[in-house]
Amino acid sequence: MESIPPYEGKPTVYLDQNILDFFTKEGLGDFGQFLINDYQVVYSDETLKEIRRSKGFENSFLNVLKELKANYLKLIVEQPSFTITDKASISNRDPYEVYTEYCDNADDGVDIEHAMQQWLFKFSGGRKGDSIADINNEQISAFSELMKSIMDNSDELSPEIQEQLSVYTQEMTEQYKATLEKTESMMLENIDDDKNWDGIKDFRSQVGIGPKQLNNIEPPNVLIKIWDTLKELPTYSQTNQSLDDLFQLNKNPINPEQPYFKHQKVTGVYNMLNTLGYYPDSKVHKERRFIAAVSDNSHASIASFCHILLSNDENFIKKVNAAYEYLEVPTLAQYVVLNYA
């Protein structure tokens with residue numbers, strides 16, 4: 001695990017939200033005390049995001065984090081370019097203080113993350129009646145507003161840095177527009193009715209595969225076995241595509257010129273496993289279920305900086321282990337049965 005400064009404490013354990021939810025209802029018990037004694041529990045911005053969505057139960061979750069003596073795990077982002085890195089920091093702070101800071105930052109500016117997720121939601125069968133162009137325009141507008149917000153908050157920087165930042169934000173905006181336009185053009189070549197499109201359903205229908213075939217695949221080498229299964233189908237048997245091509249692991253799909261780190265690749269693999277139908281999240285055309293699936297993916301990504309990931313969601317753990325195994329992420333992802341007698 002990489003961190004700044006180097007982490008030298010107990011083995012880190014990341015808890016999926018369902019375990020924290022169990023603790024809020026049943027108390028820590030022996031299991032919680034075991035975690036406190038033998039591990040360093042950590043939580044992330046995605047944990048805080050889910051706590052914020054709990055509406056009325058925020059203090060219950062924050063009290064659990066405090067009782068667990070949990071530390072805050074945060075991905076390092078380089079300034080002023082906002083470039084993603086492959087490093088994370090761990091800090092020992094009051095969860096209430098961290099949560100307040102998170103909410104203040106979340107309320108200050110454009111919700112670009114929500115806007116960028118809308119294409120995936122559309123692909124998942126949501127946003128019926130909206131075209132791909134409608135969603136792309138929303139994303140471009142949100143991205144432009146984010147870049148404007150960055151410039152508006154750069155008053156304290158030196159004139160030289162402000163000038164560099166201005167050039168960078170303009171370049172990023174143009175690159176983002178070009179990427180979306182290219183994607184839209186490619187997608188519309190193969191979609192007859194994009195307003196009523198269900199990307200996952202269409203994909204599985206065209207490929208000729210889904211949960212019925214893939215859920216019989218057992219570890220080890222899950223991704224390799226999935227690829228071997230796909231190669232037997234007409235859709236892939238005559239192509240020159242590789243496993244890494246299928247799971248978009250060769251280059252950063254959003255910013256091809258930037259490094260592509262393992263924690264980002266976890267996200268790509270997890271999404272593709274859901275799309276193919278390997279123990280997939282269900283009913284993701286419904287916004288609440290889609291948001292939950294996106295959160296699971298984020299937990300899988302940030303937990304790759306930890307020694308252990310624990311969850312009470314068996315399907316989630318199966319997908320995570322498949323991704324971690326192929327990407328050689330050393331994190332142990334473990335399904336936990338929660339049942340206090």
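Tutor: A residue counts as buried under 20% relative accessible area, as exposed over 50%, and as partly exposed in between, with a 1.4 Å probe and protein chains only. This is a predicted model, in which local features need pLDDT of at least 70 and side-chain atom pairs count only at pLDDT 80 or more, while totals for chains, interfaces and linings use all residues. Residues are numbered from 1 along each chain as its sequence is written, and side-chain values use heavy atoms, with hydrogens and water left out.

Student: Is E50 buried or exposed?

Tutor: E50 is found in helix α3, residues 45-53, where a helix is a DSSP run of H or I with at least four residues, numbered from the N terminus. The relative accessible area of E50 is 18%, so E50 is buried.

Student: Which residues does E50 touch, not counting residues up to four places away in sequence?

Tutor: Contact means heavy atoms within 4.5 Å. With residues up to four places away in sequence left out, the residues that E50 touches are Q17, S295 and H299.

Student: Is P219 buried or exposed?

Tutor: P219 has its place in the loop between α10 (211-214) and α11 (222-231). Its relative accessibility is 54%, and therefore P219 counts as exposed.

Student: What separates the C-alpha atoms of P219 and F123?

Tutor: Along the chain, P219 and F123 are 96 residues apart.

Conventions. Helix = DSSP H or I, 4+ residues; strand = E, 2+ residues; numbered from the N terminus.
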